[in-house]
Amino acid sequence: MSSAIRFIGNYDVNAEGKFLWEILGQLRQLGVGRIVTKNEWARKWPTQPSYIKIIRAQPTMDRWLFGGKVWGEWTYRGRNLGIYEFADDLNRSDWRLIHKHEEQELMEGKEAMGDIILPKSFPIPPLQNLLAKKACEKAGVPFREEQTRAPLQLCIDPEFSMLTPFIKQEEPTKKSTSVYDEVDPQVLLDLYGKEIPVKVEAWNIGPASFTPRFSATEMKVTEQHSS
């Protein structure tokens, strides 16, 4: 008999805790005043505390305790983000209650996330530069060095929208012909912490196998008819 563990259905392999409503439903006043956190945050940024202090909880009282809204004071990677409303990702079994004797130590975490520094401008592609120079020559206008760059307007992913106040734009100290050479890759990698996101499309059980879609005879007949 095989001792391998098989997960049936859409199993969250990273989950190591409980549903949030599973925790709050067992506390007085649905956990108002208590602190909860996600194990995912602790794994990604172990030295920068992230937690939520519950201010108000409103469950939908569904059968599986999946739905509802929670309002809480959110501290993310040591930076206080203010009061947020949480309605998504509450049914992921990755939440953990911080015991009262651990709260003070968690809230006194000294290391906090720094500002996210990104370029204020980016270099214009070489072909566009060439066309701009030719247009200036044709119009009799001098081509300035400032015209080789353009202002960079950031489009922030909703996943990181709460970090908008901490994103600062400055002129890069090292300028290049590619914006990828001007951005510190560690700044972007630090957004994901110690776990780079991956996506698994499907799980296959058993050894790899090849299933031919067409037989050799059918392919030959098709080639003869087409010729």
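How do the residues of the lining of the second largest pocket divide into nonpolar, polar and charged? There are twelve nonpolar, one polar and seven charged. Here, nonpolar covers Ala, Val, Leu, Ile, Met, Phe, Trp, Tyr, Cys and Pro, charged covers Asp, Glu, Lys and Arg, and the others, Gly among them, go down as polar.

## Ground rules

This is a predicted model, where local features need pLDDT of at least 70, side-chain atom pairs count only at pLDDT 80 or more, and totals for chains, interfaces and linings use all residues. Residues are numbered from 1 along each chain as its sequence is written, and side-chain values use heavy atoms, with hydrogens and water left out.

## The sheet

Five strands make an open sheet in the order β4-β3-β2-β1-β5, paired antiparallel. (Strands are DSSP E runs of at least two residues and helices are H or I runs of at least four, numbered from the N terminus; two strands pair if DSSP finds at least two bridges between them.) At the edges sit β4 (79-86) and β5 (95-97), each with a single partner strand, so one side of each has no neighbour in the sheet.

β1 (35-38) and β2 (51-59) are joined by two bridges, and Ile35 stands opposite Lys53 in β2. Helix α3 (100-107) packs on the sheet, touching β1, β2 and β5 (contact is heavy atoms within 4.5 Å), with its direction at about 65 degrees to that of β1. Such angles run from 0 to 180 degrees between N-to-C directions, on axes fitted to C-alpha atoms, for helices over the stretch in contact.

## The β3-β4 hairpin

β3 and β4 pair antiparallel over seven bridges, with Val70 opposite Phe86 in β4. Two residues separate the strands of this hairpin, and Arg77 in the turn has a positive phi of about 55 degrees.

## Back to the pocket

A pocket is an open set of points on a 1 Å grid where a 1.4 Å probe fits, with protein on both sides within 12 Å along at least five of seven lines; lining residues have an atom within 4 Å of a point. Of the 20 residues lining the second largest pocket, Lys38, Trp41, Trp74, Glu159 and Met162 lie nearest its centre. Domain 1 (20-108) and domain 2 (116-192) both contribute to the lining, so this pocket lies between them; the bounds come from an automatic or database domain assignment.
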